[in-house]
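Please examine the structure shown below.

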Amino acid sequence: ADACLQLTATGMGRAAPACIRTLALHTHMVQALAASPAGVFSGAADRTVGVWDSRTGDCVEVLRGHQAGVMALAASDTCVYSGSVDKTV
C-alpha cells in the first residue's frame, strides 16, 4: 500500500503510461479519490482529505476532522463530501 498519488500520462505517442508527478501528503494509505472542476481530492487512513490543484498538482489544503480513516469521497463544483470509518460524513 502507498501513501502517494501518481499522475500518469497516457497517449500522446507514448508506448506505455508514464508517471509525470508524484503527489505526497498522506502518512497512511490513500483509500479514496474524487475529482471535480474545483480540484482533486484524496482521502486516506490518516484521517485527512487532501485538496489538490488539478492544474499544478500542488496541495492547497488539508481537511481534518474525522476520527478514523477516510474511505469514501464525492465531489461537486462547490463541495467535497467525505465518509469515514468513524461513521460520519
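R55 is exposed, at a relative accessible area of 74%; exposed means over 50%, buried under 20%, and partly exposed in between, with a 1.4 Å probe and protein chains only. This is a predicted model, in which local features need pLDDT of at least 70 and side-chain atom pairs count only at pLDDT 80 or more, whereas totals for chains, interfaces and linings use all residues. Residues are numbered from 1 along each chain as its sequence is written, and side-chain values use heavy atoms, leaving out hydrogens and water.

The side chain of R55 forms a salt bridge with that of D53, at 3.5 Å from N to O. A salt bridge requires a side-chain nitrogen of Lys or Arg within 4 Å of a carboxyl oxygen of Asp or Glu. The structure holds one salt bridge.

Attention now turns to the interior. In soluble globular proteins, nonpolar side chains tend to be buried together. Here the largest nonpolar core has seven residues: A32, A34, F41, V49, V51, V70 and L73. Such a core is a set of buried Ala, Val, Leu, Ile, Met, Phe, Trp, Tyr and Cys residues joined through side-chain atoms within 4.5 Å. Beyond its neighbours within four places in sequence, L73 has contacts that include A32, F41, V49 and Y81, contact meaning heavy atoms within 4.5 Å.

Finally, the structure holds zero disulfides, a disulfide being a pair of cysteine sulfur atoms within 2.5 Å. The closest cysteine sulfur to that of C79 belongs to C59 and lies 19 Å away, too far for a bond. C79 is partly exposed at 34% relative accessible area, and C59 is also partly exposed, at 33%.
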